[in-house]
Number of protein chains: 2
Amino acid sequence: MIAVDAQRLLGRIRELGAVGRDGEGRLVRLAASDADRLGRDLFVSWLRQAGLDVAVDRIGNIFGIWQSAGNAGEAPLLIGSHIDTVIDAGIYDGCYGVLAGLEAIETLKASGLSPSRPLAVAAFTNEEGVRFSPDMMGSLVHAGGVDVEAALAAVGTDGSTLGQELTRIGYAGERESGFLKPHLYIELHIEQGPVLDREGIPIGAVETLQGISWQRITLDGVANHAGTTPMSMRCDAGYAAARVITFLHDLAAAGSNAPTVATVGTMRLEPNAINVIPSRAVFTVDLRDPDEQRLQAQEAALAAFLEQLAAEGITVSVERLARFAPVVFDGRVVKLIEAAARKRGLASRRMTSGAGHDAQMIARMAPSAMIFVPSVGGISHSPHEHTGDAELVAGANILLDVVAELAVIKR
Amino acid sequence: MIAVDAQRLLGRIRELGAVGRDGEGRLVRLAASDADRLGRDLFVSWLRQAGLDVAVDRIGNIFGIWQSAGNAGEAPLLIGSHIDTVIDAGIYDGCYGVLAGLEAIETLKASGLSPSRPLAVAAFTNEEGVRFSPDMMGSLVHAGGVDVEAALAAVGTDGSTLGQELTRIGYAGERESGFLKPHLYIELHIEQGPVLDREGIPIGAVETLQGISWQRITLDGVANHAGTTPMSMRCDAGYAAARVITFLHDLAAAGSNAPTVATVGTMRLEPNAINVIPSRAVFTVDLRDPDEQRLQAQEAALAAFLEQLAAEGITVSVERLARFAPVVFDGRVVKLIEAAARKRGLASRRMTSGAGHDAQMIARMAPSAMIFVPSVGGISHSPHEHTGDAELVAGANILLDVVAELAVIKR
C-alpha cells in the first residue's frame, strides 16, 4: 500500500503557515496581498519541484498539472482548496487540502503509476472573502458562476481593486477562467466543526453541503416607560425577538439528529435603554440544512411565526441577505472514501459540511466530493485551530487512495 | 365649592413651557442651566405675585410659603414637584404639579380661608437627573438622604459642578437643607403611563410607588461556527439570554392584574456576527413591584432561573445596578383623594406609580401622597406628552380640595 511522505506534507504545512505573519505574529494572508504573494510563490516552487506544469488563470487560480502524452486528451481529476487566510488564522484551513493534493500527486508520480487521466491540484483565489467579496470567488469564477471581469473589478475593504492587486503581485494569469474542465473534483479539508473530534472518528465522508438561508429581521413595537406600562399594554420588540430566538432553537433542535442548525448571531435593540421598553429589535437568522425541502420548511415555519407576531401588533420586516441551495456530493466517491478508510482500519462517518467550500462551486461543473479530518474542539478561523499530525497524514492517505482508485479506472 | 382659576393655571403651564427652548425649538431646561434659571425666575415672580414668602435652600430648592401669625408655629402642608426637564421634554412633567400647587394655595388665599397650618409649594432641584446624578436630588437632600455638600459637588455630564452652577445662576440659597419639615406632602403629577388614559379615568389615587430592581446580567457561552456546530453541541449565550427574557415576561405577566413589570431594555451580543454562535450576551433587567415581598420573590425566581442556566454550562455573572424598596403612601390621603373625586363626580382608581417622583424622597421625612392625571397614550419625556385641559383643571381641583380638607383639620 503506497503512502504519502508524512514528513514532507507536515513540513510544508508548517513552512507555508510561517509565511505571511504580521507584526504581532498573526497569520494574515488576505487574497492578493503581499503576504498572499509570498504564499503563492512558495506553493508554485513546490509545484515546479514536483515536476508539475504550472498554470495561472485570469482570476489568479493556480493549477499544478501532471499529464502525459498518453492521457492529455482526458479530462483531469482535480484536487483543490485555497491558501488565502482570514485575519489571525490557523495554518490548516484550505492549505491542508492544497498541500495534501500536491502530496498525493507527487506520491503517485513517484510510485511509477501511469494515471488514466491528468491529475491536477488547484489553489483557488480568495476563498475566505475577507478582503474581497464574494467568498469562494476563484472557484465560483472557474465554474462560470460569475463573470471574470466582474470579479476582477471587486473593490476590497482597503479600497483596492482585485484585478490591479493580482497584477501587482504577479498572479494575473493568462489562462481563461474555466480552461480546466475536471472529470471530477475532490477536496480534503479540516472539518471546522466539533463532530469528528467529539465522536473520535478520523475520517468524514462528506455527502452534502448545507444550504444556507440568511435573513435580517426587524421587529417594530412601541417604546414605553419600563415602570409605568403594565405588561398587558406593552408592544415589546425585544420580547418578540426573544420569542423568535427560542422558536428557532426549538425548531432546529426538534429534529434531534437532523443536521438543521439555526443561529441568531447578531442583535440590536432600540433605544437600548435600561428603563425603556424596546421599540425595535434588529437581528439576523442563519438557517442551514443539507436538504432543500427541509430548509424551505424551516423558512416557512419562521415566516408563519413572524406572521403570528404581526397579528399581535408587531411590525415585521424581513430582508433576505443570502440563499444558497444545498449541494449533494458524488455518491460514488463518498463510498470510495468509506472503503478507503475501512482498508486502512480507520473509522469514518458520513456527514454534511456546515461551512462553505470551493467544492460547492466546482460542483456546478463536475461531480465533486469532500473528505474531512477532525478539528480539535471544532475551532477554526483562529490560531488555536488544530488537527493532530496522525490525523493529517491519515486524511492525506485517504485522499491518495481515492485518487489512485479513480485515476486508474476509466469511468 | 371653590375652584382653581383654570385660565391662570393653563396659561402658566404654557408660559413656563415656552421658556428654555433650544435652537431647534426643543424644551431643554436641564438642572442649574441658563434655561433652568429663566424657568426659576418666572416661577419665583409668580410666587411673589401671589404674596408668598420665597425661600431657597442650599441645593437650590425653591419654596413659596403662605403662613400667618396664627399658624406659623405649625408644621406646614407641603405641595411640590419639579420644573427641571429632560432633553426635548413635554411641558407637563413636574411643572404641572408645581404650578397646580401654587394655584391651590393662591385660590385658598383668595377664598378668605385661614388655614390651620402654613401651606407651601416647592420646586425641587434636579429631579430628572439628566445633567447631574442622582435624579430626585433636591428632594433627596431635603429629606436628609444625601449630604448637601456631596450633592453640590456632583459633576455634570458637561463637566460642570452643581454647586458652582447654582451660584452662577443665582439659586445657591442660604436656607439649610431640610429646614422645612412638612406635616404632610402631596404631589400632583401626570401619570407618564397609559393606565388612566386607556381606562378613561381622570383621577389616580396613588397608593404606592414601585420598588425598583436593576441588574446587569452577563452570560458566557462558547463562540462556534454557526454552520458546523450541531444544535446539541452548542453553548449559545444569545439563546440563553432569550430564554431569560421570555422567562421574565411570563413571570411578570402571570400575575395578570398584579402591577409587577419586567423589562429587558438593553442587549449586546459578542462577537455579534451573523455566522458565529454568540459567546456572550450582556443585558439589563428592570424589575418593579409596589410590594417588597413580591419584588424579592421575582428576584429570587430570576436567580433560580440563572442557576439553572449555569447548571447547563452557561457562566452567569450578575451586577446589581440599583435597588429601591417600594414606597407606601399615606392611606388617609388616598381616601381623601377618592372622596374629593366622588364629590366632583369624577371617576378615580387606586394605582401604583411606575416612575420615580420627589414624593418617594419626601416620604422618608413625612407622610406623603400623590395624585395622577392621565397622560394621552402614556407618552412622557417627549414633546408629544399631553394631558387635556379639562383633566389638568380637574386634577388641580382635587389637589385644592384635599389641601383644603387637610389644612383646616388639625390632625
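The charged end of B:Arg40 sits over the ring of B:Tyr171, 5.0 Å from its centre; a charge sits over a ring if NZ of Lys or CZ of Arg is within 6 Å of the ring centre and within 35 degrees of the ring normal. This is a predicted model, where local features need pLDDT of at least 70 and side-chain atom pairs count only at pLDDT 80 or more, while totals for chains, interfaces and linings use all residues. Residues are numbered from 1 along each chain as its sequence is written, chains are lettered from A and ligands numbered from 1 in the order in which they are written, and side-chain values use heavy atoms, leaving out hydrogens and water.

**Rings**

- In chain A, A:Arg40 lies over the face of A:Tyr171, again at 5.0 Å from the ring centre.
- Over all chains there are eight aromatic pairs (rings of Phe, Tyr and Trp, the last by its six-membered ring, with centres within 6.5 Å; planes under 30 degrees apart are stacked, over 60 edge-to-face, the rest tilted).
- B:Phe63 and B:Phe124 make an edge-to-face pair, because their planes stand at 90 degrees, with ring centres 6.3 Å apart.
- That pair links distant parts of the chain, 61 residues apart: B:Phe63 is in strand 2 (residues 62-66) and B:Phe124 in strand 4 (residues 119-124) of chain B. Helices (H or I, at least four residues) and strands (E, at least two) are DSSP runs, numbered from the N terminus.
- Both B:Phe63 and B:Phe124 are buried (under 20% relative accessible area; exposed is over 50%, partly exposed in between, with a 1.4 Å probe and protein chains only).
- B:Phe63 also pairs edge-to-face with B:Phe179, with centres 5.1 Å apart and planes at 80 degrees.
- B:Phe179 sits in the loop between helix 6 (162-169) and strand 5 (184-190) of chain B, so its pair with B:Phe63 ties together parts 116 residues apart in sequence.
- B:Phe63 has a relative accessible area of 0%, whereas B:Phe179 is partly exposed at 23%.
- Over in chain A, one aromatic cluster takes in A:Phe63, A:Phe124, A:Phe179 and A:Tyr185.

**Helix 2 of chain A**

- Helix 2 (residues 34-49) has 16 residues and should span 22 Å at 1.5 Å a residue, which agrees with its end C-alpha atoms being 23 Å apart. The expected span is 1.5 Å times one less than the number of residues.
- Its buried residues include A:Arg40, A:Phe43 and A:Trp46.
- The buried residues of this helix pack against several elements of chain A, among them helix 1 (6-17), helix 3 (95-110) and strand 1 (53-56); contact means heavy atoms within 4.5 Å.
- After the helix comes A:Gly51, with a positive phi near 80 degrees.

- A:Ser133 and A:Pro134 are joined by a cis peptide bond, omega about -5 degrees, and A:Pro134 is in the loop between strand 4 and helix 4 (137-142) of chain A.
- A:Met136 lies in the loop between strand 4 and helix 4 of chain A too; its phi is positive, near 55 degrees, though it's a residue other than glycine, and it counts as buried at 6% relative accessibility.
- A:Gln192, not a glycine either, has a positive phi of about 65 degrees and is buried, with a relative accessible area of 5%.
- In chain B, the peptide bond from B:Glu270 to B:Pro271 is cis, with omega near 0 degrees.
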